[in-house]
Every structure is written in C-alpha cells, then in structure tokens.
Amino acid sequence: MSKLTVALMGNQNCGKTTLFNVLTGSNQYVGNWPGVTVDRVEGLSLEKDWKIIDLPGLYSLSPYSPEEIVTRDFLVSSECDVFLNVVDGSHLERALSLSIELLTFNKPMVIAVNMMDIVKSQGIQIDLDKLSNALGVEVVDISASNKEGFEKLYKAVENAKAPLDRQILSDDVFALITKVEDKVSEHVSYEGAKRFIALSLIQGDEVYEKAYQDNKELIQTANDAAKAITDSYGIDSQEFFAKRRYDLIDEILSLCRVKSKKKSISQLIDRVVLNRILALPLFFIVMGIVYFGAMYFTSYLDIIPVTNEDGEREFTNITDYLNDNFFGDIVSGSVSSLLETMQAPAWLNSFLVDGVISGVGAVLGFLPQIICLFLFLSFLEQSGYMTRVAFILDDIFRRFGLSGRNFIPMVIATGCGVPALMAHKTIDNINERRIGLITTNFIPCSAKLPIMTMIFASVFDGAWWFGPFVYFISILSIVVTGLILRKNQAFKEEVSPFVMEIPDYHLPTIRNIFKTVFERCKAFVIKAGTVILLVVIAVWFLSNFSIGSHGIAMTDNVDDSVLAVIGGAIAFIFIPVGFGSWQATVAVINGLLAKENVVSTLAVVLGLNEDCDGSETELANAISNYFASLHGGVSSPALLGVIGLSFLSFNLWSTPCVAALAAMKRQLGSTKWWLFAIAYMSIWSYSIALIIFRLGGYILGVVPFDVYTVIAIVVLLAIIYLAVRPEKKNKVSMVINSKII
Amino acid sequence: MITLNRVKQGAIVEVVKVNGEGSSLRRRLLDMGITPKTKIKFLRTAPLGDPIEIVVRGYALTLRKEDAMLVEVI
C-alpha cells in the first residue's frame with residue numbers, strides 16, 4: 001500500500017511548523033514571525049505511514065506571492081491525498097477564509113484548530129461540532145506546542161472525507177461556476193482542481209488567464225460569468241467571493257463561538273511597546289541589551305578561572321579563553337606534544353598548529369558570541385517582538401529598498417558578519433533579503449576594527465573625526481547601494497505587498513529557542529570545518545613554500561613564498577588606488593581569510609613581530625614609512641592620509657572574509673547572485689578607494705592630475721547618477737518566474 | 001467619507017469600498033477580510049509616521065499608508 005500523503009496548510013504563524021515538527025520529529029525552524037516556511041518541506045510521520053508536506057503559510061490562494069504559487073501549483077497537481085488545514089483558534093475569522101477556499105478542491109480534508117490553550121485562556125468557547133457541521137469536514141482541536149489532541153487528529157486524518165461545497169454558494173452562482181468548469185481542459189488532474197481554476201478565472205486571475213489564453217471559449221465563459229455576477233449582485237466578482245466568504249464566516253462563528261470581553265494582553269503590551277513616543281527609545285534599549293549583553297557576557301565578563309604564567313589563578317572571559325587558552329594553549333600544546341612524541345617532522349607541526357588550529361580556531365572563537373546573540377534574538381523573534389520592530393522602522397528602510405526587518409542583521413554585523421547574514425533567513429521579501437545580504441557586510445565587523453585602529457594610529461595621529469567618518473561611509477555605502485539596486489529590474493521580483501499581520505505575543509518555549517540556536521550554530525560549525533579549513537590549508541601552503549631553483553621548498557621567510565610571488569603579480573591592480581605593492585596585496589589576500597589577518601600580515605611582511613596589536617608605535621612607524629616609500633619617500637600627512645584611507649576602504653568594504661562569503665552563498669541560494677554580490681562589493685570598495693586616493697588626493701594637492709583623476713570623477717558621477725536616476729515606471733507585471741522560488 | 005490612512009487614532013470605522021479594481025493589492029486587502037461593511041479599528045501610526053496598524057476581524061494588521069489609501073471608510 002502506498003503512503004498516505006498529507007498536505008499541511010494554514011495561515012502564516014498558525015503553528016503549522018510546530019505541528020509538522022511534532023508529527024515528523026524533524027527540526028524545522030519555528031518562529032513567531034509570519035513566513036517562516038518559504039519552500040515546501042517534506043517529512044515522514046513518526047507514528048503513521050504518512051508522507052507529510054509542510055506548505056508555506058499563506059492567507060489566501062490568490063497568485064501574488066511565490067508562497068502562494070508554490071502552494072497552488074501543488075494543490076492543483078493532485079499529489080496529495082488529504083488536506084490538513086491548521087487554523088489558529090484565536091484568529092478564526094481570518095483563518096477560515098483560507099479553509100473555505102480549500103473546500104473548493106473537494107479533497108478529503110481535516111481542520112485542526114490549534115492553540116486551543118490560548119483560546120481557553122482568553123475565555124473564548126468554540127463549539128467544534130457545530131463548526132464541523134457548518135463546514136462539512138471533520139474539525140479537531142489540538143495544541144501543537146503542548147502535544148495535545150494528536151490521537152484524535154490521527155484518527156480524523158485517516159477517516160478524512162471530502163466536503164460538500166454546495167452549501168457555500170447560492171445555486172445561480174454555482175451554476176455559473178459549473179459552466180466555466182466544464183470548459184477547463186481535460187488534462188487537469190481532478191474535478192476539484194478544475195473548479196478552483198474556474199473560480200480563479202472568474203475572479204480575473206492573471207496566472208490562469210495567461211495559462212489558458214489559447215482556450216478562447218473558456219476565457220469568454222469566465223468573463224461572462226464574472227459579468228453575470230456583477231449584474232445580479234452589483235459588485236465585481238473579486239469582491240463578491242471575498243464578501244461571500246466572510247459573510248459565511250460571520251454566520252458560522254455567530255453560531256459556534258462565544259467570545260469574551262477580555263482585552264488581549266498583546267494589545268495592552270503594544271500600548272507601551274508601540275507607543276508613538278516610547279517605541280523608539282524602547283527599541284534602542286532592547287537592542288542595547290541584546291548587543292552589549294552578548295558582547296559583555298562573552299568578551300568582558302571574566303568568569304573562567306585560568307592559571308597564568310606565574311602560576312597564579314586569575315579569571316578570563318569566554319572569548320579569550322577559547323582563543324588563547326583552549327585553542328592557543330590546550331589544543332595546540334597537546335597536538336604539538338603528541339607530534340613530538342611521534343617524532344613528526346617540523347612542517348607537520350607548523351601546518352597543524354599554525355595553519356589548521358589557529359585558522360579554524362579563529363573562526364570557532366566567534367561561537368560564544370554567536371550563541372549568545374542567537375539566544376537573545378531567537379527569544380525576540382519567537383516572542384513576536386521582531387514583527388513590531390519591522391513596524392517601527394519600516395519608514396526609514398523602505399526608502400532604500402529595505403524594510404524594517406533589515407535592521408536586526410545590521411546590528412549583529414557590527415559584531416560579526418556571519419550570524420548577521422544568517423539572520424536574513426527571517427526576511428521573507430526576496431528583494432529585501434538580497435539587498436540586505438549584499439549590504440550588511442558594509443558595516444565594519446569586530447575583525448575589521450584592528451585595521452581601523454592601525455590606520456588611525458599610523459597615519460591619522462588620532463584625529464577625532466576618523467571613527468565617525470568611517471562609519472559614515474559605511475552607512476552611506478548601504479544607502480547608496482540600496483538606492484542603486486532597488487531601481488534595478490532584478491530586484492523587483494513580485495512580492496506580496498507590505499500587509500503584515502502583527503501576531504500576538506507568545507512566551508517562547510526554552511526547547512524551541514535552544515533548537516533554533518542549535519540549528520543556526522550547527523550550520524556555522526560545519527562551515528568552519530569545511531570551506532574555511534580548505535582555504536586555511538591553501539593559504540598556509542602558499543605562505544610557507546617557495547618556488548626556487550631547487551623546485552618547491554619550505555621557507556621561513558614570507559618574502560620568498562609563493563604568496564609573495566602571487567601578490568607581486570597582481571599588485572598592479574592596486575596602483576590606481578595608491579598601494580600597488582606586493583606587501584599590501586598579500587595583506588589584502590590574507591584579509592580574505594579573516595580580516596584580523598590584515599594587520600598581522602602587514603606586520604610580518606614589513607619585518608616586524610607578528611604579535612602587533614595595531615596600536616604599537618613600532619607598527620605605526622613601519623606603516624607610515626611603508627606608505628611613504630610607495631610614493632618616492634614623500635611623507636606629507638595628507639598623502640599618507642589618502643593612501644591609508646584608500647587601503648582601509650578596500651579592506652573594509654570589499655568582499656568579506658571566507659566565513660562570511662560562505663554564509664552569503666548559502667543565504668542567497670544561488671551562485672549567480674553570489675558572484676554578483678562579490679563583484680558588486682569589489683567594484684564598490686575599489687571605486688571608493690579610487691575616489692578617495694585620486695580625487696581626494698588631488699583636491700588636497702598631493703596626487704597629480706592624470707587620467708586616473710578623470711576616471712575617479714567619472715566613477716563618482718556614475719554612482720550619483722545611478723543612485724538618483726528616476727525610477728522606471730513600474731509596470732504591474734504578474735509574471736512570476738517560478739524557477740527562482 | 002475618507003480613506004483609511006486618514007482615520008484618527010482609536011476610531012472605529014466601517015469599510016465602504018476598496019478601490020483599485022484588478023490590482024493585486026486590492027485582492028490582497030479583500031482576502032485579508034477588508035470587505036465592505038467590515039468594522040476596522042485604527043490602532044496607531046508607527047512612530048515615524050508610516051505604516052499604520054489596524055484591527056480587522058479580531059486581528060492586528062499593518063499596512064503602508066499608500067496602500068491604505070485604497071480603502072474608503074466612514
């Protein structure tokens with residue numbers, strides 16, 4: 001006997017994914033956030049011989065968002081045996097609208113009223129038998145998060161029967177629909193699907209009108225039916241069916257629901273949280289607690305006891321402990337001593353300790369911060385606060401192609417770009433997600449701070465405006481990029497309009513929060529162990545081996561290494577921006593591995609100790625001498641300044657480190673988009689560097705006027721044009737490329 | 001008669017008409033239950049002036065002002 005296929009359907013945020021997780025035991029992500037499931041997800045039931053398909057959450061079956069198209073196509077294809085419609089018992093009015101649309105398909109169907117615990121606590125009574133009678137399908141109550149009511153649910157699904165849909169529409173309208181239905185071509189898999197297509201066509205559904213444009217007779221019949229409805233009821237067909245559905249819902253609910261007069265707690269909380277005056281200050285306080293809480297707990301609070309070099313006991317923080325003590329001492333030390341006892345060659349020790357352990361360790365060192373941030377953010381997401389944040393901030397962000405939801409990832413990005421990119425998962429508007437993924441890394445992360453400190457100390461002599469200036473360009477980069485990209489047709493994929501439900505607050509369960517944090521961190525750790533490991537190994541080989549007359553040999557001197565040769569070969573790329581030498585190029589390349597490497601690499605190739613922290617005078621002098629040497633030894637502060645800023649610009653705003661690149665690829669979900677993002681960021685940062693060095697330098701009188709100055713002016717004008725050019729009249733195109741979904 | 005974006009905070013209004021025939025937005029608004037004769041409570045405007053939050057059929061919904069302009073209410 002073949003498996004029973006059950007399709008899970010319901011509004012966004014109705015507990016569908018929670019139910020799916022209980023039924024299948026899988027770890028689908030759960031959030032109190034509309035639109036968590038974007039693709040359909042399949043799983044096998046733990047208890048029964050069922051295949052369960054979790055479809056995207058939606059409010060209706062009109063064809064205006066990728067989620068709706070995915071669901072519709074699936075429903076029409078007859079791949080499933082039973083519809084399991086999950087409805088949020090505390091929001092029956094809205095939920096039943098979709099249920100009534102689903103009845104059209106005439107498939108065996110069960111309605112599971114979820115969140116009955118909340119319904120009861122609100123003092124609402126629902127008569128499920130009456131509801132079942134009125135809708136003509138079995139209705140059961142469950143509480144997915146408390147795992148209640150599942151025995152009834154299993155029984156109901158196994159005995160599910162098709163509904164009688166004639167109860168819903170009057171005979172004259174029903175006759176009109178039947179007429180259209182008969183004209184729908186034969187190859188549609190079953191009668192219910194034909195009815196759905198007929199109903200959609202009568203309501204002027206663009207997708208089906210296009211699909212059936214050759215069937216003139218069908219289109220004509222549908223148009224006639226629509227006209228007949230307008231003639232007899234005085235309203236157009238879209239309004240007619242929507243009104244009919246909601247009138248029916250009102251009728252049904254007046255029979256089977258007793259509402260209490262209790263004011264919902266959510267609305268009381270929102271009086272404060274969304275208050276016109278309090279909302280923004282409260283938001284900044286919450287973000288401050290999340291951000292500084294995570295940073296303080298992991299990087300400043302000294303709670304782990306260690307024994308220092310003098311044999312004294314002292315306390316250190318989690319991040320330092322992981323980096324210095326765990327990876328720096330314990331792991332490296334035990335690997336070294338193990339290798340010594342095995343009498344392994346020195347290169348193997350160098351490879352494992354300096355290459356693999358320090359490289360992968362540097363990435364895993366972010367883990368405590370990531371865990372902490374995600375604990376806070378998962379709580380805010382699942383409680384429902386993030387939807388409010390989108391509401392509060394939408395007005396600012398929409399001006400440059402983003403929405404209020406993009407703020408959170410940007411806050412995270414000041415710490416580390418990897419979790420920031422991963423946080424984009426919760427942005428369901430694909431255009432906003434893409435622009436967000438491309439721009440988020442313009443915010444300097446904590447690993448880029450040493451580069452800023454280095455330039456600050458070496459060529460700016462501690463000028464007060466330096467920090468604000470760098471952050472100003474970061475924000476400008478995001479805004480201008482948003483303005484440029486949002487006008488591009490590629491970022492205008494049809495999405496549902498910004499009509500967003502504000503869900504009630506839920507107190508998240510600890511289990512769900514930990515599950516979310518675990519899932520997100522698992523992805524991060526797997527990446528550290530695969531992509532990053534490979535790059536670490538490659539760079540270690542390149543910087544530790546030289547090609548000479550004796551063939552390939554190991555070298556202690558990075559000047560002789562293959563990396564130096566490669567750096568020398570491509571250094572010409574950076575001549576226009578003022579630092580075309582192999583040392584700076586190698587630093588940029590190593591920065592791709594991890595941005596922390598820029599400072600240590602420069603220190604090494606300039607012949608200093610590797611342990612420079614970026615503020616030491618020795619390094620500062622070496623850097624300013626080095627920048628001066630690039631331009632004939634002239635050391636005017638203005639010239640050093642523009643070189644320093646140019647070098648900083650490229651390192652800060654070009655492609656992020658490999659860890660972030662890997663996260664970006666995963667979140668963009670397409671190599672084409674990923675390559676576009678890389679190219680865009682590289683060109684953007686190079687343009688900024690070019691404008692600063694050539695144009696800024698010329699204005700300050702330290703860089704001569706030449707062809708590059710002209711190019712810099714052209715680039716600047718091009719950026720301004722792209723950002724302010726008028727938007728092409730947005731044609732309302734309803735063509736949705738379903739392959740992208 | 002005014003459009004939904006101009007309703008006063010806390011006021012309860014009744015939908016008269018949803019304009020923009022044939023547009024996806026109109027169908028979306030109808031699907032979400034904003035049909036003629038429906039009662040809507042205008043909860044609040046966001047701190048920065050847009051979007052707005054309303055209660056319709058027992059649940060809270062936000063929409064941008066430019067979209068709310070399609071809805072005529074009394």
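Reader: In what order do the six strands of the open sheet of chain A lie?
Author: In this predicted model, chain A holds an open sheet of six strands with mixed pairing. Its edge strands are β2, residues 41-44, and β7, residues 138-141, each of which pairs on one side only, and the twist averages 25° from one strand to the next. Read across the sheet, the order is β2-β3-β1-β4-β5-β7.

Reader: Which residue of β5(A) is the bridge partner of Val86(A)?
Author: Strand β4 of chain A covers residues 82-88 and strand β5 of chain A covers residues 109-114, and the two run parallel, joined by six bridges. Within this pairing, the residue of β5(A) that partners Val86(A) is Ala112(A).

Reader: What angle does the direction of helix α5 of chain A make with that of β7(A)?
Author: Helix α1 of chain A, residues 16-24, packs on the sheet and touches β1, β2, β3, β4 and β5 of chain A, with its direction at about 160° to that of β3(A). Helix α5 of chain A, residues 128-135, also packs on the sheet, where it touches β5 and β7 of chain A. The angle between the direction of α5 and that of β7(A) is about 150°.

Reader: Which residues touch the most other members of the largest nonpolar core?
Author: This core has 213 residues, and its largest share, 11 residues, comes from helix α31 of chain A, residues 671-699. The core members that touch the most others are Leu8(A), Leu84(A) and Val110(A).

Reader: Why does Tyr154(A) count as partly exposed?
Author: Tyr154(A) has its place in helix α6 of chain A, residues 150-158, and, not counting residues up to four places away in sequence, Tyr154(A) touches Glu47(A) and Lys48(A). A residue would need 20 or more other C-beta atoms within 10 Å to be buried, and 12 or fewer to be exposed. Tyr154(A) falls in between and therefore counts as partly exposed, because its C-beta neighbours inside 10 Å number 16.

Reader: How far apart in space are Tyr154(A) and Glu340(A)?
Author: Along the sequence, Tyr154(A) and Glu340(A) are 186 residues apart. In space, taken from C-alpha to C-alpha, the distance between these two residues is 62 Å.

Reader: On which residue is the kink in helix α14 of chain A centred?
Author: Helix α14 of chain A runs over residues 318-341, and among its residues Ile318(A), Tyr321(A) and Leu322(A) are buried. Just after this helix, Gln343(A) takes a positive phi of about 55°. The kink in the helix is about 40° and is centred on Phe326(A).

Reader: How many charged residues are on the side of chain A that touches chain B?
Author: Where the two chains meet, 31 residues of chain A are in contact with 29 residues of chain B. Several elements of chain A, including α3, α11, α13, α17 and β11, each supply at least two residues of that side. By class, the side of chain A that touches chain B has 15 nonpolar and seven polar residues, while its charged residues number nine.

Reader: Which strands are the edge strands of the open sheet of seven strands?
Author: This sheet has antiparallel pairing and takes the order β11(A)-β5(B)-β4(B)-β3(B)-β2(B)-β6(B)-β1(B). β11(A) pairs with β5 of chain B, residues 59-63, over four bridges, with Ile502(A) partnered by Ala60(B) and Glu501(A) standing opposite Leu61(B). The edge strands, each pairing on one side only, are β11 of chain A and β1 of chain B.

Reader: Which residue has a positive phi in the turn of the hairpin formed by β4(B) and β5(B)?
Author: β3(B) and β4(B) pair in the antiparallel sense over five bridges, and they form a hairpin with six residues between them, in whose turn Gly49(B) has a positive phi of about 100°. β4(B) and β5(B) also pair in the antiparallel sense over five bridges, and Ile54(B) stands opposite Leu61(B). In the hairpin of β4(B) and β5(B), two residues lie between the strands, and the residue in the turn with a positive phi, of about 50°, is Arg57(B).

Key:
Residues are numbered from 1 along each chain as its sequence is written. Chains are lettered from A and ligands numbered from 1 in the order in which they are written. This is a predicted model: local features need pLDDT of at least 70, side-chain atom pairs count only at pLDDT 80 or more; totals for chains, interfaces and linings use all residues. Two strands pair if DSSP finds at least two bridges between them. Axes are lines fitted to C-alpha atoms, for helices over the stretch in contact, and angles run from 0 to 180 degrees between N-to-C directions. Two residues are in contact if their C-beta atoms, placed from the backbone, lie within 7 Å. Ala, Val, Leu, Ile, Met, Phe, Trp, Tyr, Cys and Pro count as nonpolar, Asp, Glu, Lys and Arg as charged, and the others, Gly among them, as polar. The bend at a residue is the angle between axes fitted to the seven residues ending there and the seven starting there. A nonpolar core is a set of buried Ala, Val, Leu, Ile, Met, Phe, Trp, Tyr and Cys residues joined through C-beta atoms within 7 Å.
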